[in-house]
Amino acid sequence: MYRLQIKRSAEADLRRLPAPVFARINERLLTLRDEPRPPGVRKLQGQQEGWRIRVGEYRVIYLIDDSNRLITIVRVRHRRDVYKT
């Protein structure tokens, strides 16, 4: 089982979400502990590194450290805003 670490930027993103959306995303985040690369996950290319999962209109960007069994949640945003730096 992997440990979850949430960066402050992602915490702020999660606090801004409506309650029903937060509940759906939180459920998906917890499933990442057992399977960090679930079906539908995508490896990010270009300037950003990491992985991306879709939760409805929202995207979760995260990093996987297999040697330490750690998942770091970097960003949780609407799909139109998540890839902007």
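D13 and R77 form a salt bridge (a side-chain nitrogen of Lys or Arg within 4 Å of a carboxyl oxygen of Asp or Glu), with their closest N and O atoms 3.1 Å apart. D13 sits in helix α1 and R77 in strand β5 (residues 70–78), so this pair ties together parts that are 64 residues apart in sequence. Helices (H or I, at least four residues) and strands (E, at least two) are DSSP runs, numbered from the N terminus.

A word on the basis: this is a predicted model, where local features need pLDDT of at least 70 and side-chain atom pairs count only at pLDDT 80 or more, while totals for chains, interfaces and linings use all residues. Residues are numbered from 1 along each chain as its sequence is written, and side-chain values use heavy atoms, leaving out hydrogens and water.

By this rule there are seven salt bridges, including these:

| Pair | N to O distance |
|---|---|
| D13 and R77 | 3.1 Å |
| R79 and E57 | 3.2 Å |
| R15 and E11 | 3.9 Å |

D13 is buried at 3% relative accessible area, whereas R77 is partly exposed at 24%; buried means under 20%, exposed over 50% and partly exposed in between (1.4 Å probe, protein chains only). A network of salt bridges links D13, R16, R75 and R77. R15 and E11 are four residues apart in helix α1 (residues 8–15), about one helical turn.

Now for R59, in strand β4 (residues 58–65). R59 is buried yet has no salt bridge, and the nearest side chain of opposite charge, E57, is 6.6 Å away. The R59 side chain does reach the backbone oxygen of G56 at 3.0 Å.

How values were computed: Lys, Arg positive; Asp, Glu negative; His and termini not counted. Polar contact = N/O pair within 3.5 Å; in protein donor to acceptor, adjacent residues only side chain to side chain.
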